[in-house]
Structure formats: structure tokens, C-alpha cells
Amino acid sequence: MNNVEWTIAEMLNNPEILEKATNELDMVVGKDRLVQESDIPQLNYIKACSRESFRLHPTNAFLPPHVARKDTTLAGYFVPKGSQILVGRLGLGRNPNIWDEPNVFKPERHLAGHVGNSFDVTLMEPEMRFIIFSTGRRGCPGTKIGTSMTIMLLARLLQGFEWTLPNGASQVKLVPADSNLFMAKPLLACAKPRLAPTLYSKIQV
Ligand code: HEM
């Protein structure tokens with residue numbers, strides 16, 4: 001939920017990205033049926049948007065604490081056995097040595113290097129350039145369901161509604177709260193249905 005809220009906020013500040021994501025849904029799914037989980041492999045731009053949002057706006061600043069089981073050396077630093085390790089998600093996701101223009105929302109960076117239509121962007125990041133589900137033995141066991149829930153929520157909201165900011169505003173303040181990394185103020189946006197009325201059975205009077 002947090003990832004989707006930040007993604008739509010970033011998209012409202014970058015209308016060309018919102019348009020590209022909506023166009024992908026119209027091309028892959030069309031407007032006569034709702035997007036389904038089976039469409040997810042084809043929704044590479046939507047997944048790239050979600051990845052980019054996880055990079056910039058992780059839900060927690062740190063991974064749960066881990067302990068070094070043996071002496072090790074990492075990036076030139078000696079880490080003695082028994083050390084408590086707290087991996088900083090914000091620091092990784094916005095590391096200028098890894099990411100070009102680290103503070104800019106650029107989903108295209110997750111498509112670079114992929115050619116043709118046969119590739120599949122995922123929410124996995126085994127190289128730990130940033131963290132979504134983490135990796136290794138204690139990495140998240142819920143990667144599949146986590147991906148399906150996140151991408152379905154985002155794709156349904158984008159496919160089903162045209163999003164605008166209320167009262168003629170043109171920018172959302174992308175500021176995290178003081179006490180956590182959720183948006184300081186919950187996103188307020190206007191949603192206008194963009195598909196045939198028969199597809200909104202739950203909201204028909
Ligand atoms: C988008 C959704 C989700 C994200 C981004 C996410 C991310 C994470 C992360 C970063 C960790 C810590 C890994 C580490 O310490 O290295 C974790 C652990 C864990 N996650 Fe998730 N998770 C998600 C959804 C889920 C779901 C749906 C389930 C269960 C159905 C789940 C179950 C767990 C469990 C049990 C652990 C602890 C694993 C362990 O310590 O061995 N997660 N998750």
C-alpha cells in the first residue's frame with residue numbers, strides 16, 4: 001500500500017510517466033476487461049515504476065537486524081563475528097556511486113539493458129543495489145504474493161481511473177513523515193472512472 005501511494009504521487013508529479021504506464025495497460029490489457037495477475041509478466045513499465053518507488057521510498061529505513069556468524073571483510077571493512085548488522089535501505093537506494101541522479105524518479109533505469117519484448121522486469125534485486133525483498137536465507141519468503149499484491153493494486157488503480165490532483169494543484173509534496181517513511185500527508189487525489197461502467201459492478205448504484 002505504501003509503495004503504491006508513493007508511486008502514484010510520483011506519477012502525478014511526472015504526468016508523462018503516468019501516461020506511459022496507462023498506455024502500457026491499454027496496449028497489454030485493453031479497456032474491455034480488468035487487468036489480471038496473468039498480465040503481470042507483460043507489464044514491465046508498471047513493474048519498473050514500482051521498483052523505482054521501492055528504491056526511493058522503502059517502507060522501513062533498515063532491514064531487521066542480522067548478526068555476523070563469522071569474521072568477514074566487506075567493502076574493505078572488517079566485520080567481527082557477533083556484530084549486529086543493520087542494512088540501511090535509504091542509503092543503498094540513493095547511493096550516488098550506483099545510481100545516476102539518485103533522487104530522481106526514473107523508472108526507465110530498470111529497463112536499461114533489456115532488448116525486445118521478451119524480457120520480464122521483476123521486483124527481485126539479488127545484487128542488493130537496493131532492497132525490496134532482500135535476499136539470501138533470511139530474505140522475504142513472500143516475494144511472489146508480495147509482487148502480485150503490489151502490482152495488481154497499482155495496475156488496477158491506474159487502469160480503472162484517471163488521476164488528477166484536487167483544486168488545480170500541479171505537484172504533490174513528496175515528504176516522508178517525521179516518525180516513519182510513509183508520506184507525511186496521505187495522498188489526496190481525484191479518481192475518474194476511465195473504463196466501461198459495466199466493469200465497476202461494486203460501485204454501481
Ligand atoms: C511488497 C510486499 C513485501 C515486501 C516489500 C517485503 C519485504 C521484506 C523484507 C525486506 C524482509 C527482511 C529480509 C531480511 O531481513 O533480509 C522481509 C522478511 C519477511 N517477510 Fe516480507 N515483504 C513483503 C511481503 C510479505 C508477505 C506477503 C509475506 C507473507 C506471506 C512476507 C513474509 C515475510 C517473512 C516471514 C519474513 C521474515 C523472513 C526471515 O527472517 O527468515 N512478506 N520481507
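This is a short walk through a predicted model, from the overall fold to single residues.

Start with the whole chain. The protein has 205 residues, and buried residues make up 41% of them. Its secondary structure consists of 5 helices and 6 strands. Read along the sequence, these elements follow the pattern α-α-α-β-β-β-β-α-α-β-β. Taken along the principal axes, the C-alpha atoms fill a box of roughly 65 × 40 × 30 Å. Contacts across the sequence come next. Among those between residues at least 6 apart, 70% join residues at least 24 apart.

Val4 has a relative accessible area of 4%; that is under 20%, so the residue is buried. Setting aside residues up to four places away in sequence, Val4 touches Thr150, Leu153, Leu154 and Leu157.

Which protein atom is a donor to the iron of the ligand? The single one is SG of Cys140, 2.2 Å away. Water is not among the atoms, so the site may look incomplete. Is Cys140 buried, partly exposed or exposed? Its relative accessibility is 36%, which lies between the 20% and 50% limits, so Cys140 counts as partly exposed. The UniProt record, an unreviewed entry, lists Cys140 under "binding site". Such an annotation may be inferred rather than shown by experiment.

Phi of Ser134 is near 65°, a positive value in a residue other than glycine. Most residues other than glycine have a negative phi. At 17% relative accessibility, Ser134 is under the 20% limit and therefore counts as buried.

Asn167 also has a positive phi without being glycine, with a value near 55°. Asn167 lies in the loop between strand E5 (161-164) and E6. Is Asn167 buried or exposed? Its relative accessibility is 82%, over the 50% limit, so Asn167 counts as exposed.

Follow the chain on through strand E6, which covers 190-193, and Arg194 is found in the segment after it. Arg194 is charged by residue type, but with a relative accessible area of 17% this residue is buried. Its contacts, leaving aside neighbours within four places in sequence, include Thr22, Asp26 and Lys31. Leu158, Gln159, Gly160, Phe161 and Glu162 are also among them, as is Tyr200.

Last comes the open space. The largest pocket has a volume of about 810 Å³. Of the 19 residues that line this pocket, the closest to its centre are His66, Val67, Ala68, Ile85 and Val87. Strand E1 (66-67) and strand E2 (72-74) are the elements that give two or more residues to the lining.

Notes. Residues are numbered from 1 along each chain as its sequence is written. This is a predicted model: local features need pLDDT of at least 70, side-chain atom pairs count only at pLDDT 80 or more; totals for chains, interfaces and linings use all residues. Side-chain values use heavy atoms; hydrogens and water are left out. Donors are N, O and S atoms within 2.8 Å of the metal (3.2 Å for Na, K and Ca); water is not among the atoms, so sites may look incomplete. Helices (H or I, at least four residues) and strands (E, at least two) are DSSP runs, numbered from the N terminus. Buried means under 20% relative accessible area, exposed over 50%, partly exposed in between (1.4 Å probe, protein chains only). Contact means heavy atoms within 4.5 Å. On a 1 Å grid over the protein atoms alone, a cavity is a set of points where a 1.4 Å probe fits but cannot get out, and a pocket is an open set with protein on both sides within 12 Å along at least five of seven lines; lining residues have an atom within 4 Å of a point. Grid points are joined across faces, edges and corners, and a volume is the space filled by probe spheres set on the points.
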